[in-house]
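Visitor: I am new here and would like to look around. Could you show me the structure and let me ask how you know things?

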Amino acid sequence: MKGMFCPSCGSTEGPFFKGLCKKCFLAQQHLIQVPAEIKIEHCKQCNRIKLEGKWVEQSEQALKEFLMKKIKLKELQEAKLSIELEFLDGNTLAIVGASGLLEGNRIGLEAKTLFVPVAIQCNDCTLLSSNYFEATLQIRFLRKAEEKEKQAVLHKINELLRSMKGEDMLASIVAVLDKKNGFDVLLASNNAAKRVVKALSAKTKERVKRSSSVIGRDRKGKEKKRFTYCIRF
Ligand SMILES: [Zn+2]
Ligand SMILES: [Zn+2]
């Protein structure tokens, strides 16, 4: 090492990497690369964010996992990565740290990414705000039911939907309509409706009556259907 100097800045301080001092080498080589800024779609209504094409609950964990995949490292051996998040008026600053061995010397690197939210209404919220529904649950009582009994069934439906909400945003009641001998529940998601029917019908003796009608076609020409389930207690 004696007599070595950095051709770029003249420094004589080692260690040297490929002939350059550490500072110049790191500045030139960009051993850690992350996008300087990433725009993240954010739905103000449900507060979810869109990561890799999917709407997910906001969490530090989700952001970190997403950013991890975007970090590019060069030449560093036995690299360890860390991400710290700082929240600054609406934006989120991610500080990425990497430590590892470069030609036998342990070095630390840092890079920053700014997450900038872009306000947008997600597809599910758009559907829900337009009173979209895929299924009708017809809840009927074979004998005259008391209000209390009706409320208990509605409560059960709400409970079931709440447990599905994490994976199916459309597991929501669009409307409840009073009917003779019971009530109708309009549900945005038919998948959720099917699960509610399954849970409720486990306790009824009468078979569930199912029907469907075609209400149009989607952009690909596939039939769009609306489903009706009649559950009798
Ligand atoms: Zn230098
Ligand atoms: Zn939304």
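Predicted model: local features only at pLDDT ≥ 70, side-chain atom pairs only at ≥ 80, totals over all residues.

Visitor: How do you know that the span of helix α5 agrees with its twelve residues?

Guide: At 1.5 Å a residue, counted over one less than the number of residues, residues 190-201 should span 16 Å, and the end C-alpha atoms of α5 are 16 Å apart, so the two agree.

Visitor: Which residues of α5 are called buried?

Guide: They are A192, A193, V196 and V197. Each counts as buried because 20 or more other C-beta atoms lie within 10 Å of its own.

Visitor: How do you know that they line one face of the helix?

Guide: Looking down the axis of α5, the buried residues fall within an arc of 140°, so one face holds them. Among the elements covering them are β11 (135-140), α4 (147-164), β13 (182-187) and β15 (223-232).

Visitor: Which element gives the most to the largest nonpolar core?

Guide: That core has 20 residues, and L137, L187, A192, A193 and V196 have the most contacts inside it. Helix α5 gives the most, with four residues. Beyond its neighbours within four places in sequence, V196 is in contact with L137, I157, L160 and L161.

Visitor: What makes β12 and β13 a pair?

Guide: Pairing takes at least two bridges, and six join β12 (residues 173-179) to β13, so these antiparallel strands qualify. L177 stands opposite D184 in β13. The two strands form a hairpin with two residues between them, and N181 in the turn has a positive phi of about 65°.

Key. Residues numbered from 1 in each chain as written. Chains lettered and ligands numbered in written order. Buried ≥ 20, exposed ≤ 12 C-beta atoms within 10 Å, placed from the backbone. Arc of directions from axis to C-beta. Contact = placed C-beta atoms within 7 Å. Core = buried A, V, L, I, M, F, W, Y, C linked by C-beta atoms within 7 Å.
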